[in-house]
Amino acid sequence: MRYTNPELLEHLASAYVLGTLAGGARRRFERLQRDRVDVRVRVAQWEARLGQLALSVPAHKPSPRVWAAIAARTQPAGTRQAAQGKASWLGWLRPAGFGVGGVAAGVIAASALFLAMPTLFMSSDQLAMRSGEKLPQSYVGLLTDAQGNGKLLVSSLRHGKTMTVKVIGPITPPAAGKLVLWAVPANGPAFSLGAVPTSGSAVSMLPDTSEKLLSKVGKLMVTLEADANAAKPGETVVFSGNCAKLW
Amino acid sequence: MKLAPDPDTRSLQALIAGAAQGDHACFADIYERTHAHLFGVAVRILGQGQAAEDVLQEAYVSIWKNAAGYRSEVDGQPIQPMTWLIAIVRNKALDAFRARARRKESGLPSSGEAGELDEEDIESSAAPAPSAMQLLEQATEALHIEGCMNALEGSHRQSLALAYYQGLSHTEVAAQMGAPLGSVKAWIRRGLEKLKACLAAQGVVAS
């Protein structure tokens, strides 16, 4: 089957989310999703559409046994002190199994966590990632505010065309305008990588592979822009950091 | 730790972020806020009973394990936390529903205890639930797209409603409606396309 036809992909994504895509076709489509971000995007859009229909479904109370069983399977073993400390990103490093460290350790641990996520958005290096022996070749950036507080983690597989931006420290949304991420090459004008979220994490498609876009980029910065599609970065630099090659 | 606001006032998105960092209290709060609705989604497909509770359990364990995989935005499209949670539960409920259908087809007993076999009975003896069509009408009204969706023929809406709210396959929808399989496939496809257009026109989800 050809998976390049956008109409076909759209139809498959809608049928997959609805549940009418069944059997072998469903399994093939699930594999396709794992390898193709554009397919994931379509599925996410259909989940958003059809999820709206679920709002009219009447609520039901399950037996209290259900939560007891869930809690028994999810309670962290031992005495992990997730609630202790300064909540933000230092605590967030711990699950990756690294000692608390500086920015370098942060970048590596964050990447490990990013890679350890079971979901999608990556393909070629999955095996290496799963075995835990090697981190896939990626571009990674950690942006901080002027005081050095970690704010954003930017990552993209070297040969991938998606970028994930994760908020790792509290960001006050600007009263007006957008926060825009810029790549700053050593020799050449800065170019925009799009708007960044102020909470949670966001994944977006890049116009080309990160290798093509970022191989000469040493710095990243976030500026406050009136226009999210500004051609050049403005004066107000909010966060900045290095862009590192993870290989 | 009082950097974070009180759990009660934290958004579902913030709670998922907390769960992704291993904060089990955040996870418990997610369950508290969402389980009745998510259980409703599972019950709708599987009927009230052990099967729906098993699905709910599996779904929340998966939510706990995959909390870090939640994306609040995909390619510029905001993804509501509830959308993400509903998709997880619905997928698991559909898997269970199909597995049950396969067991029925092959005449194999349920893999669980003998007592679990009565789950379908519970479904049929439960208090009358709103029909799939009623649920679709309520949802489209709440979304202010009922006018747009009503431009579709009733059979198109009915087949979409049965597939979505009951988790029925094309063949099952065709059997229930007494309509040819080919027609049902086309109706559902047109129903989905219409839904997409209506939601986009209403600005709910971009096309």
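In helix H1 of chain B, the residues Leu15(B), Ile16(B), Ala17(B), Gly18(B), Ala19(B) and Ala20(B) are buried; a residue counts as buried if 20 or more other C-beta atoms, placed from the backbone, lie within 10 Å of its own. The model is a predicted one, in which local features need pLDDT of at least 70, side-chain atom pairs count only at pLDDT 80 or more, and totals for chains, interfaces and linings use all residues. Residues are numbered from 1 along each chain as its sequence is written, while chains are lettered from A and ligands numbered from 1 in the order in which they are written.

What do the buried residues of H1(B) pack against? Their partners are H2, H3 and H4 of chain B. Just after H1(B) comes Gly22(B), with a positive phi of about 90 degrees.

Stepping back, chain B has ten helices and two strands. Helices (H or I, at least four residues) and strands (E, at least two) are DSSP runs, numbered from the N terminus. Along the sequence they follow the pattern α-α-α-β-β-α-α-α-α-α-α-α. Of the 207 residues in chain B, 43% are buried. Among contacts in chain B with a separation of 6 or more, 62% link residues 24 or more positions apart; two residues are in contact if their C-beta atoms, placed from the backbone, lie within 7 Å.

Now for the meeting of the two chains. Chain B brings 64 residues to the contact and chain A brings 55 residues. On the side of chain B that touches chain A, H2(B) gives the most, with twelve residues. That side of chain B divides into 36 nonpolar, 19 polar and nine charged residues. Here is how those classes are set:

| Class | Residues of chain B at the contact | Members |
|---|---|---|
| Nonpolar | 36 residues | Ala, Val, Leu, Ile, Met, Phe, Trp, Tyr, Cys and Pro |
| Polar | 19 residues | the others, Gly among them |

Strands pair if DSSP finds at least two bridges between them. Here Ala202(A) stands opposite Glu73(B) in S1(B).

Finally, how confident is the predictor about chain A? Its average pLDDT (the predictor's confidence in each residue, from 0 to 100) is 80, and 75% of the residues score at least 70. Over residues 79-101 of chain A, pLDDT is below 50, and the model gives this stretch 43 contacts beyond near neighbours in sequence. Residues 118-125 of chain A also stay under 50, with 20 contacts beyond four places in sequence.

Note on methods
A residue is buried if 20 or more other C-beta atoms lie within 10 Å of its own, exposed if 12 or fewer, and partly exposed in between; C-beta atoms are placed from the backbone.
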